[in-house]
Amino acid sequence: MVAPTPYALIATDLDGTLLRADDTLSERSLAAIARAGRSGARHLVVTGRPAPRVRPLLDDLGCRGLAVCGQGAQLYDAGADRLLWSVTLDRELAETALGKIEAEVGQVYAAVDQDGVDGLTLIEPGYRMPHPTLPALRVGGRDDLWCEPISKVLLRHHTLSDDELAATARAVVGSLATVTMSGPGTVELQPCGVTKATGLALAADHLGLSAEQAIAFGDMPNDIPMFDWAAYGVAMANAHPELKAVADEITSSNEDDGIAVVLERLFH
């Protein structure tokens, strides 16, 4: 199936999608996004990264508008460097959810993203950052993770795969939180009902755009709600099988400028 016409809203995930493995943006991708912008399309980053970890990348993209961060928990205005909207994960619920998960699978290692434009990423002993280039502050113990409001919890297990950990977490957490898998080594708990789709819909409303005008790019199961919301979903060649199964199109990998391949066709 081929996307019929250029879209007014281009929503892209970052890790594994727009970014290469070394966290850089290719010149080809930047040029394709710029060309689409000159045709009147709006590019919107929709990422699991919290706002403080997105700012440098938005600078590279020349973005001074909106970005959906924290798996949809934050709507960030890059030009004003402020959050237009944010929702936090209740810390008592987060602790309860962790207890339920550990009752099933044994010890997990946790980290949190604090809320706010200057929020920190805190990691407890034993947690290993999946993106070693992203800054994080190691704390003395789990109790120290809850010192400030948080947007999400990140989980790792020493033997379970991401799919196994995510499946168990979904089975036992229930309505305490939304469970997502956003990348290798990245299973997350976020406020119940919050997804990339809820954040994207809010951003589109601010821009006066609709789902029927949107094309979305992603690579992991946390992008499925975004694909469900947008008119057209494009999975990267390196995408998780669950996302490929619901995609309208599969493009090249993030290393091979898969987003640019599609945008060049649409905005030739």
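**Exercise 1. Which residues does I123 touch, not counting residues up to four places away in sequence?**

Solution. The model is predicted: local features need pLDDT of at least 70, side-chain atom pairs count only at pLDDT 80 or more, and totals for chains, interfaces and linings use all residues. Residues are numbered from 1 along each chain as its sequence is written, and side-chain values use heavy atoms, with hydrogens and water left out.

Step 1. Helices (H or I, at least four residues) and strands (E, at least two) are DSSP runs, numbered from the N terminus.

Step 2. List the contacts, where contact means heavy atoms within 4.5 Å. I123 touches A110, A111, M129, A136, L137, R138, V139 and L145, with residues up to four places away in sequence not counted.

Step 3. Check burial. I123 counts as buried because its relative accessibility is 5%; buried means under 20% relative accessible area, exposed over 50%, and partly exposed in between (1.4 Å probe, protein chains only).

**Exercise 2. Describe the sheet of 6 strands and the place of Q114 in it.**

Solution. Step 1. The strand order is β8-β7-β6-β9-β11-β10, in an open sheet with mixed pairing. Two strands pair if DSSP finds at least two bridges between them. β8 (137–138) and β10 (178–183) are the edge strands, each pairing on one side only.

Step 1. β6 pairs with strand β9 (residues 150–156) in the antiparallel sense, over 6 bridges. D113 has K152 as its bridge partner in β9.

Step 2. Q114 is found in strand β6 (residues 109–114). Its relative accessibility is 8%, so Q114 counts as buried. Not counting residues up to four places away in sequence, Q114 touches Q74, G119, L120, L122, C147, E148, P149, I150 and S151.

**Exercise 3. Work out the strand order of the sheet of 8 strands, then follow β12 to its partners.**

Solution. Step 1. This open sheet has the order β5-β4-β3-β2-β1-β12-β13-β14, and its pairing is mixed. The edge strands, each pairing on one side only, are β5 (82–86) and β14 (249–250).

Step 1. β1 and β12 run parallel and are joined by 4 bridges. A11 stands opposite A216 in β12.

Step 2. β12 and β13 also run parallel, joined by 4 bridges. The bridge partner of F217 in β13 is V234.

Step 3. In a regular strand the side chains alternate between the two faces of the sheet. In β13, Y232 and V234 point one way and G233 and A235 the other way, and all are buried.

**Exercise 4. Identify the largest nonpolar core and the elements that supply it.**

Solution. Step 1. A nonpolar core is a set of buried Ala, Val, Leu, Ile, Met, Phe, Trp, Tyr and Cys residues joined through side-chain atoms within 4.5 Å. The largest one has 33 residues, and I10, L58, I215, F217 and L263 have the most contacts inside it.

Step 1. At least two residues of this core come from each of α1 (14–18), α2 (27–38), α3 (55–61), β3 (66–69), β12 (214–218), β13 (232–235) and α9 (258–266). α9 gives the largest share, 5 residues.

Step 2. Take I10 as a case. Leaving aside neighbours within four places in sequence, I10 is in contact with A36, A41, R42, H43, L44, I215, F217, L263 and F267.

Step 3. A second, separate core has 27 residues, including L89, A97, L165 and V179.
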